[in-house]
Amino acid sequence: MFQPQSSYSFYSPAKVLSGNKALENLPVELDGMNAIKPLILTTPGLSARGMEKVMAAAFADSNLTIGVFAGVPAQPDLKLVRELYGLYRDNGYDAIIALGGGPVLDIAKALNIAVSGRPEDLESLADRNPLTKKLRPLAAILNLDLSGCEMTRYVTIGSLSLISPALIPDLMVIDPRTVMAEERKTVASTALMSLTQAVEACLHPARNPLTDAYAYGSARFIMENILDVLKNPSDRKGRMALANAAYFAQTSFDNLLPGMVYELGMAMSRSCHTHPGLIMGLLLPHFLLLEMKKETATRKDLYLFIGGPEAFAGTMPPASFRKAVDRIVEILLELQSLVTDFPRSIRDVGIKREDLESLVEPRSAAGVRGEYDPQDIRNIMEKAWETRF
Amino acid sequence: MNNYKEIQSGSKPFKRAYVALMLWFVGRAIEAAARVDGAVQAEFDGLPPEFTFSLGVMPQGPTMIVGKDAQGLVKYRGWDPEGQKIDLKMKVKNLEGAILMFTFQESTAVATARNRLIVDGEVPAACAIVRVLDIVEVYLLPKLIAKLAVKRYPDWSFGEKVLNRIRIYAGAIIGL
Amino acid sequence: MDLPGYYEYYCGVKIIAGHDALERIPGVLRDLHASRPMIVTDKGVAAAGLVDIVMGAVKDQLSIGAVADDVPPDSDLRVVNRLAALYREQGCDALIAVGGGSVMDTAKGINIVVSEKADDLMKFSGAGALKRPLKPLVAVPTTAGTGSEVTLVAVVKDHERHLKMAFVSYFLLPDASILDSRMTLSLPAAITAATGMDALTHAVEAYYGLSKNPLSDATALAAIRLISRNLVKVTRHPSDREARLAMANAAALAGMAFSNSMVGMVHTLGHATGSVCGVPHGVCMAILLPYGLEYNRHKREAIMGELFFPMGGSDVFAGTPKEQRTDRVIAYVRQMNQDLHDASGGRHARFFKEVLDREGKPAVTRERLPDIARTALGDGSIFYNPEELDYDDFLMVLEAAWEGVALDYGRIRK
């Protein structure tokens, strides 16, 4: 039986506030970080949905002044960082609150580097000087339209990519008022991405008790809530659970290296403009089936994460891994009836068979068994291309 | 710059007024309860001489202050902490948290468990005050709601409860 | 998985674990821009050779500014002040705490004094007094354990004024905790058992307490699973390195769980018993844990039943009907105490009557139980307990825990 290594390190510096009236705690949390004037960054879309009013209400009675910049585009660049740097400095802001998904967190993290030193730091950091100093306070408010890296140490802005634990937001807020708006397809995509991150974390060779604990919480919340939320989009508690699940999955993911399905999903989505989560969802069962056939499976209790203690305990060991895969496929099948235009195969999202080979190139991240076996990647992609769920 | 604006935090006058009223009422009810209920007086007797505590909302009130006088009698001391020596400050982190507490959507126990309160002072004293608040809530609220507000609804006789309840309401509202 | 209407969770400590985790300390300090640490420890730890192991692992890359090994078993304000002065004199810029709860508390206290240049530690007591990060602190626990390597609390006693100061702040959390199997290899059986049960209590109380949340649940379950498989084993076979590492992990996981979910009546009564009769914390936890389950059962039956999965394992759990699971959990904990009693040559006490002080005399007499019950009334942990306890309830539980008999369910007032 494959044993994970005994040595590990784990780091998760964000404080989590999740639940009813969580946003109202922002003033006192910022005060604890010696900040009194936050600049809120968000997108025009979220602003149009009334998020500015929600934030204003959250800060009412706090005696504080807040700034709101609601113009974060889908692909922010360094030019915007410089503009916002000027705004932050000239108006005496001392903290950033990122309200939104991937692009908002990217610009927020980049801006935080700039304001904690100088904007030039951003370019010099591209030389891979590790960023170790403490940055200014950064809070993230999560919704259900996520890119998978919001609460991680990764930031990509323009052509610049940086990795540093110092970039992880200090605070993460999940409030019912910010998770209700996303439509079904988006919710499904985010959930499938989180599920992929969680499952790959629990199969990762470098996994540890902490990444397991977070992956467990994530998988349970997703499996228990995804279908209910899609059947009843006003299920507040379910949506909150999915947002929590996304955060837990990202934390495990952040403490390990990305897995094969994640990387393939990201690569494929770049060429076909589909949310990577959907593609990952379609690849995942094939990856797991391949995993199952290997002689030394990396872990036998995957069904504990996917099915929960009761179901896992009640299943005889040889059947257990297969049951986990079956449960995931069941979810994918249900999603087809609940989500319009839900793809049944990677073919449906526009991937061409001829393009598959170019995706097999040696992957930089460690696979489940060290380097990915190119043949494994080919097998999975072929199966994913041929099969329609 | 486009898409940018500064927002001054507004106020929530109705919610503030409601919480201020509740704090005033509860403060005076504690004074009255100490007179009629031995358990409440006993909790205060266990605290240092002239012990005074405040319960308020961050960042700027409203607040209620209650303390023992030189004879050990429990008195409501108003809403202004200025000039008062306060041994224990219990602060609700924000107005919405106070609304949750004073509309009894979250009991004192739940509010504490959810970190809605900051306690500035000795922990044993805070324990005593929370027990006092629990007792007072049982008196002030109908059984159905009080049962949600406290962990264990006390086993008082019906008559005792009704009589004391009347006396506490009277004490709180008209200062009898 | 349960999602409460509201919760908060924080554990910003970097966890570094392994059979040679100590060697990572210089890198940790380098990232924190520090290079001249003061080691804080106690004579027991030093005598066991553990400080030498730590120094051996780091001395090539760090210059140790000072080694202070005279921390007493109970954190003391005078010691904190003296060691803070030593820190300053030697030009140190970081702290490494090697030891158990008292060493951790002392180190955290020293950190407040040197970081805030405080002359009166009292000014920083309570919550919310600290406003900015302190000097780098690396925690190396030598028991498994108190979990204080991942908690935001420090307790320092002022013996002159007979005060116990409690400090609560996120800034007190160590920057990193090093879980190295070498640090607990020589732990004697009785202490292994007591500190292991301390960890189990943290996890169990965090799981059934009122502040329960998904992350404290996940870490608690992981801790319980590790303890179930390793505590008795390592008490019998002290040099089992994998089991030692597993217990170190379990203690840190349990620490993360209770640090965010708080604890309940087992700690309330445990603190009081420790305070009145001087019984070590872990010993109190072990004895009182079954009573915490029994007393709170009517409010948390289903939740407690879930604990049987990590305790009993998959097959046994599956074979046990839901209604019986809480009974099995309580029985499991009592059996664990019995097994540890046997594995430690009778030194691990199963009930208070059995606890002996250093001179071999009973540490807890029946006459002192009322004092303990009275003291318990002033402990804040009771807020997080699912059911109410007044003086009479405390006394009832203490009587049963003294005698070593099960709680009479009929006497629990609901």
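## A tour of chains A, B and C

Select chain B: of the contacts between residues at least 6 apart in sequence, 66% join residues at least 24 apart, where two residues are in contact if their C-beta atoms, placed from the backbone, lie within 7 Å. This is a predicted model, in which local features need pLDDT of at least 70 and side-chain atom pairs count only at pLDDT 80 or more, while totals for chains, interfaces and linings use all residues. Residues are numbered from 1 along each chain as its sequence is written, and chains are lettered from A and ligands numbered from 1 in the order in which they are written.

**Chain B as a whole**

Display chain B as a cartoon. Its secondary structure comes to seven helices and six strands; helices (H or I, at least four residues) and strands (E, at least two) are DSSP runs, numbered from the N terminus. Along the sequence these elements follow the pattern β-α-α-β-β-β-β-α-α-β-α-α-α. The radius of gyration of chain B is 17 Å, close to the 16 Å that the globule rule gives for 176 residues, so chain B is as compact as a globular protein of that length. That radius is taken over C-alpha atoms, and the globule rule is 2.2 Å times the number of residues to the power 0.38. The C-alpha trace of chain B spans about 70 × 40 × 30 Å along its principal axes. Of the 176 residues in chain B, 43% are buried; a residue is buried if 20 or more other C-beta atoms lie within 10 Å of its own, exposed if 12 or fewer, and partly exposed in between, with C-beta atoms placed from the backbone.

Now colour chain B by pLDDT, the predictor's confidence in each residue, from 0 to 100. The mean for chain B is 89, and 99% of its residues reach 70 or more. Among the elements of chain B, strand 3 (residues 63–68) has the highest mean pLDDT (96) and helix 6 (residues 143–149) the lowest (81). Where pLDDT is low, the predicted coordinates should not be read in detail.

**From chain B to chain C**

**Within chain C**

Select the strands of chain C next. An open sheet of three strands has the order 6-9-8, with mixed pairing; two strands pair if DSSP finds at least two bridges between them. The edge strands, each pairing on one side only, are strand 6 (126–127) and strand 8 (153–158) of chain C. Strand 6 of chain C pairs with strand 9 (residues 163–168) of chain C in the parallel sense over two bridges. For a residue-level view, pick C:G126, which stands opposite C:F167 in strand 9 of chain C.

Then colour chain C by domain. The assignment gives domain 1 (14–183) and domain 2 (189–411); such bounds come from an automatic or database domain assignment. The C-alpha centres of these two domains of chain C lie 27 Å apart. Their contact takes 17 residues from domain 1 of chain C and 20 residues from domain 2 of chain C. On the domain 1 side, strand 2 and strand 10 (176–180) of chain C are the elements that give two or more residues. The residues of that side divide into seven nonpolar, nine polar and one charged.

**From chain C to chain A**

Bring chain A into view. In this interface, 33 residues of chain C are in contact with 35 residues of chain A. Strand 1 (6–9), strand 2 (14–18), helix 7 (214–236), helix 8 (241–261) and helix 12 (314–319) of chain C each supply at least two residues of the side that touches chain A. That side of chain C divides into 21 nonpolar, seven polar and five charged residues. Strand 2 (residues 15–19) of chain A and strand 1 of chain C pair in the antiparallel sense over four bridges. Zoom in on A:V16, which stands opposite C:Y9 in strand 1 of chain C.

**Within chain A**

Finish on chain A, whose assignment gives domain 1 (15–178) and domain 2 (184–386). The C-alpha centres of these two domains of chain A lie 28 Å apart, and 14 residues of domain 1 of chain A are in contact with 17 residues of domain 2 of chain A.

The last stop is A:G158, in the loop between strand 7 (154–157) and strand 8 (160–163) of chain A. A:G158 is partly exposed, with 15 other C-beta atoms within 10 Å. Not counting residues up to four places away in sequence, A:G158 touches A:D77 and A:L78. The C-alpha atoms of A:G158 and A:P76, which are 82 residues apart along the chain, are separated by 6.8 Å.

Terms used: Nonpolar A, V, L, I, M, F, W, Y, C, P; charged D, E, K, R; others polar.
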